[in-house]
Amino acid sequence: MGKGAHVKGWRGLAVGAAAVAVAVAGCGTSTNDSGGNSGEAKTLTVWLMDGSAPETLTNALNKEFQDSHSGVTVNYEVQKWTGIQEKLTTALASNNPPDVIELGNTQTAKFAADETLLDLSGDVSNLNGDQWLGGLKDSLTWNGKQYGMPFYAANRTVVYRTDLFQAAGIEPPKSRDEWVAAIEKLKTANAADPEFQSLYLPGQSWYALLSFIWDEGGDVAKAQGSAWAGALNTPEAKAGLDFYKKLVDTSGTKAPKDVDEATPQQFEVFAKGKVGMMIALPWELGSAVKADPTLKDKTAAFPIPSKTAGKTAPVFLGGSNLAIPGGSKNQDLAKEYLKLLSSAKYQDQLAEAGAVPGTSKDTAKLATSPLGKALAASAPTGKVTPTTPTWAAVEAGQNPLKDMLTAYLTGAKSLDQATSDANTALSKTLGG
Amino acid sequence: MTAVHTTDAGVPTNKSAPRRAAPGGAPRRRGSSFDRLLPYLLLAPAFAAILWLIGWPVLSLLVTSFRKLNLKELTRGEVVWVGLDNYTEILGNPDFWIITARTVIFTVAVVGLSVLSGLLIALLMRQVSPVVRIVLQVTMLLAWAMPLIAATTVYQWIFDQQYGILNKTLVKLGFDGFAGYSWFSTGTSTLAVIGLLVVWQAVPFLAFSLYAGAIGIPRDQYEAAAIDGASPWQTFRSVTWPELRPLVMMLTFLSMLWDFKVFTQIWAFRKGGPDGASTTLPVLQYLEGISKSHFGVAAAVSVVMMVLLGVLTFQYLRRLIKQEGTL
């Protein structure tokens, strides 16, 4: 009996231990290979992202490529941004990765540093290298080598309501002071409507904050040799943060202080018609117009103004690079695909669709709309976030810049406290 | 409950088994080696399946925790052994201990609150009229059926700083301080809101299970207690509790496993923020594994979590052993 009980007891323990093990193993990471078709004939698998290139462009591009390369089929797939880092990780680890991938410019360094991408340094001249957009080129350069080709960029501008500006007698501002004055004037002119917001600015719109910090001559992080350390506790960064608060205070924006521009989508708020301005990307204006078509003739944009009158503030160049995975079986074909895409014909189509083209300095096609003009005016001085593999973790994980903004704007922390806390957290993440 | 029932059911079969075996006493010895082996042979397929489904992932997790496995090693299929480096990295990080303590406190608080609420609702359900009980059950079923992310979104809006119904209601009630109050400005308050959501989601299952246990208690025991003049509290202590205790124990054990690993809600709310102050171990695991692509380190976090869960549920495991031993 005693022995039997002992055995039973151990069985019970084993059951319990197994339950514990299952419970935790469930949240462990497991990776499964999921590749495309195996290499019969020639199939070039191209992954582009949702909303990056217009369908007319990709259709024409794929057709031309297939026509000029007999026996080659382009397997074109559109991927969603949400969860793309996980999906790419899995795909790159597989035996049969895609042949051309699109990477967010802030993610590129991570994939390059982990040696998952093909070194394209030798092909730069072949791919219109002298026309590359500076900001994007920086984002795909790691240790002096190029691991991709710029695709397109988009930057933030201040989208505004022309009808409301006219009614209040305001001209698009040329400096930061004029901008603040315009916000105040617009607010006074519409004071009768308690729901009106002259500027919609959520508390964690950190890409906008980057502009203000860069305009002050500061940066979020500085390279020290090969390592990066936060630079948020510098006077320039503090001044940038202070200007952000000034915008929030002056406009009296009703936007939540603890979320970014995606919750709720700021274009939805703008489309309701009670907002005078928003700091937005081109697609956000597009979506607002889709929600309320009457906005099409009532909206325009101006570049984010600098504190130096007549200049524009450096903007964050959001955008994408194209890269070839190191494990691709059709690397030469993939290079030819990139070469075709880098040609003026397709770059013009990108510009026409409202994006800053990655491999062409010709922005004539872009500057045909008011928004395009504002984009084209600020793109050349555009900057990117620190080019370090650890930056991707800042955006994919807990972003200290967002915490800093919320803490300062809600008064939870003083300016010095907020910046120094965020700086410590940022340095730690960048340190790996 | 299940534990008690299986053993109850097991007793008669055990009694009948020798009775059936008795008439054929002679051939018993001859076929004994096959007879003795047969149950194990029958169990073998199931055992192999379990070993493959459960044992392999756990083993692979353990092995991974001793490897350096970043994106580079993963894509190139390199195997780099680093011994205990991953463990020294996480255990040497002072934040790790804060996160661990936070996770344990969160788990204990959420489990305690949800089991207690479940128990109270189960006892309440026994007392109310059938109509009220059905309304209560349907309501709980709906809450239970709600998808995690949908429920999280609803809670985010309830507690929203500007548009949240909670702040608006509080202001209407005269608490002007709650106008524009941010419920997510500190880790404690963020975790409190998340904890409330987790409890809300856990209570229906607990209440239903405990109610099922409670209606299984024979009525005459209560009648006897009433005749003896027992107060409601005495009745609960001497009649209800002893019957429900094994069930409560098991549910607590299960809740601990579930609540310790809560990730979706925490990530959906504030990604473990502000300033990482609502980061728990599962969130840390995600940050290391998915955000930073340090899969080896994340595996080490998993192993530590497994050990911790073992320690947390040790009492239950011990009693499980004791209970089975006495039966």
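This is a predicted model: local features need pLDDT of at least 70, side-chain atom pairs count only at pLDDT 80 or more; totals for chains, interfaces and linings use all residues.
1. Residues are numbered from 1 along each chain as its sequence is written, with chains lettered from A and ligands numbered from 1 in the order in which they are written.

2. How many of the nine residues of α11(B) are buried? The number is zero, so α11(B) lies largely in the open. The burial classes rest on C-beta atoms placed from the backbone: 20 or more others within 10 Å make a residue buried, 12 or fewer make it exposed, and anything in between is partly exposed.

3. Helix α11(B) (residues 219-227) does have a packing partner in α12(B) (residues 232-260), at an angle of about 145° and with the axes 10 Å apart. Those axes are lines fitted to C-alpha atoms, for helices over the stretch in contact, and the angles run from 0 to 180 degrees between N-to-C directions. The crossing of the pair is right-handed, that is, the near helix is turned clockwise from the far one by less than a right angle, anticlockwise being left-handed.

4. Which residues do the touching? From α11(B) there are Gln221(B), Tyr222(B) and Ala225(B), and from α12(B) they meet Thr235(B), Ser238(B) and Val239(B). A contact means that the C-beta atoms of two residues, placed from the backbone, lie within 7 Å. By class, the α11(B)–α12(B) contact has three nonpolar residues, three polar and no charged. Nonpolar covers Ala, Val, Leu, Ile, Met, Phe, Trp, Tyr, Cys and Pro; charged covers Asp, Glu, Lys and Arg; the others, Gly among them, are polar.

5. Still in chain B, have a look at Val198(B), which sits in helix α10 (residues 187-215). Val198(B) counts as buried because it has 27 C-beta neighbours inside 10 Å. Setting aside neighbours within four places in sequence, Val198(B) is in contact with Val110(B), Asp259(B), Val262(B) and Gln265(B).

6. For chain B as a whole, there are 16 helices and two strands. It has 327 residues, of which 34% count as buried. Among its contacts with a separation of 6 or more, 69% are between residues 24 or more positions apart.

7. Chain A comes to 17 helices and 14 strands, and 51% of its 432 residues count as buried. Its C-alpha trace spans about 90 × 70 × 45 Å along the principal axes. Of the contacts in chain A with a separation of 6 or more, residues 24 or more positions apart make up 77%.

8. On confidence, chain A has a mean pLDDT of 85, with 91% of its residues at 70 or more; pLDDT is the predictor's confidence in each residue, from 0 to 100. Residues 1-9 of chain A have pLDDT below 50 and six contacts beyond near neighbours in sequence. Residues 23-40 of chain A stay under 50 too, and there the model has 43 contacts beyond four places in sequence.

9. Chain A is split into domain 1 (42-155 + 317-381) and domain 2 (157-316 + 397-430), with bounds from an automatic or database domain assignment. Taken over C-alpha atoms, the domain centres are 29 Å apart. Across the boundary, 13 residues of domain 1 are in contact with 15 of domain 2. Helix α14 (residues 370-378) of chain A gives the largest share of the domain 1 side, six residues. That side has seven nonpolar, six polar and no charged residues.

10. Leu140(A) lies in the loop between α5 (134-139) and β4 (141-142). With 28 C-beta neighbours inside 10 Å, Leu140(A) counts as buried. Its contacts beyond four places in sequence include Thr108(A), Tyr147(A) and Asn321(A). Asn321(A) is 181 residues away along the chain, yet the two C-alpha atoms are separated by 7.2 Å.

11. Two non-glycine residues of chain A deserve a backbone check. Glu115(A) has a positive phi near 55° and is partly exposed, with 16 C-beta neighbours inside 10 Å. Asn143(A), in the loop between β4 and β5 (145-146), has a positive phi of about 55° and is exposed, with 9 other C-beta atoms within 10 Å.

Key
Helices (H or I, at least four residues) and strands (E, at least two) are DSSP runs, numbered from the N terminus.
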